[in-house]
Amino acid sequence: MSIGELAERFGLATHVLRHWESMGLLEPARAAGGRRRYTTDDLYRVAIILRAKEAGLGLEDIRRMLAVRRPAERRAILEGHRRELAERIARERASLRMIEAALDCDHEDFTHCPHFQAVLTERLAPTRRRR
């Protein structure tokens with residue numbers, strides 16, 4: 001598969017694939033004349049990169065995760081990102097509950113609604129500083 005075909009398959013610009021290659025995320029085979037040729041393994045690699053980006057990992061984190069050879073190291077990287085993603089999802093769910101409470105409120109000003117305020121009680125707790 002050519003770079004154009006791969007880019008089109010995933011809705012990417014070809015320069016994105018070239019950038020990923022320059023970072024060591026992709027290593028396409030080279031055909032005659034130095035043209036990039038992508039295999040099924042490369043398809044899965046691009047899918048991993050895209051899904052990891054959607055999960056909030058940066059390209060350098062993805063490169064590091066894919067570069068390590070020991071499964072334990074890869075798992076440790078993923079476990080750290082899983083914790084971060086779970087925390088982010090929890091915050092987003094709390095935000096969604098707040099918006100839904102405001103939209104479901106019959107009060108003229110939802111900020112004075114007891115139900116809306118009840119949804120905010122967990123946010124009233126002091127925030128712990130990260131070290």
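Helices (H or I, at least four residues) and strands (E, at least two) are taken as DSSP runs and numbered from the N terminus. The model described here is predicted, so that local features need pLDDT of at least 70 and side-chain atom pairs count only at pLDDT 80 or more, while totals for chains, interfaces and linings use all residues. Residues are numbered from 1 along each chain as its sequence is written, and side-chain values use heavy atoms, with hydrogens and water left out.

Helix H1 covers residues 3-10, and Ser 2 lies in the segment before it. Because its relative accessibility is 16%, Ser 2 counts as buried. Between Ser 2 and Arg 91 there are 89 residues of sequence separation, and their C-alpha atoms are 41 Å apart in space. Helix H2 spans residues 14-23 and contains Ser 22. The relative accessible area of Ser 22 is 60%, so this residue is exposed. Ser 22 is 13 residues from Arg 9 in sequence, with a C-alpha to C-alpha distance of 20 Å.

Two helix pairs, both involving H4, were examined for packing geometry. Axes are lines fitted to C-alpha atoms, for helices over the stretch in contact, and angles run from 0 to 180 degrees between N-to-C directions. Helix H3 comprises residues 40-54 and helix H4 residues 59-67; their axes come within 10 Å and cross at roughly 135°. For H2 and H4, the packing angle is about 55° and the axes are 11 Å apart. Angles under 35 degrees count as roughly parallel, over 145 as roughly antiparallel, 65 to 115 as roughly perpendicular, and the rest as oblique. H3 and H4 are therefore oblique to each other, and H2 and H4 are therefore also oblique. A crossing is left-handed if the near helix is turned anticlockwise from the far one by less than a right angle, and right-handed if clockwise. The crossing of H3 past H4 is right-handed, and H2 likewise passes H4 in a right-handed crossing.

Seven salt bridges are present in the structure, a salt bridge being a side-chain nitrogen of Lys or Arg within 4 Å of a carboxyl oxygen of Asp or Glu. Glu 21, Arg 30 and Arg 36 are joined in a network of such bridges. Arg 64 pairs with Asp 61, with the closest N and O atoms 3.9 Å apart. Because Arg 64 and Asp 61 are three residues apart in helix H4, about one helical turn separates them. Arg 64 has a relative accessibility of 40% and so counts as partly exposed; Asp 61 is partly exposed as well, at 25%.

A further salt bridge links the side chains of Glu 73 and Arg 70, at 3.3 Å from N to O. Glu 73 is partly exposed, with a relative accessible area of 31%, whereas Arg 70 counts as exposed at 53%. Arg 75 forms a salt bridge with Glu 79, and the closest N and O atoms of this pair are 3.9 Å apart. These two residues, Arg 75 and Glu 79, are four residues apart in helix H5, so they are separated by about one helical turn. Arg 75 is exposed, with a relative accessible area of 56%, while Glu 79 counts as partly exposed at 30%.

Helix H5 runs over residues 71-104 and includes Leu 85. With 26% relative accessibility, Leu 85 counts as partly exposed. Leu 85 and Leu 57 are separated by 28 residues in sequence and by 9.3 Å in space, C-alpha to C-alpha. Ile 99 is also placed in helix H5, and its relative accessibility of 43% makes it partly exposed. Together with Met 98 and Leu 103, Ile 99 makes a nonpolar surface patch of about 290 Å². Patches are made of residues with over 30% relative accessible area and no salt bridge; like charges are joined within 9 Å, and nonpolar side chains (Val, Leu, Ile, Met, Phe, Trp, Tyr) within 5 Å. Accessible areas come from the Shrake-Rupley method with a 1.4 Å probe, and for residues only the protein chains shown count as cover.

How values were computed. Buried < 20%, exposed > 50% of the residue type's maximum accessible area, 1.4 Å probe, protein only.
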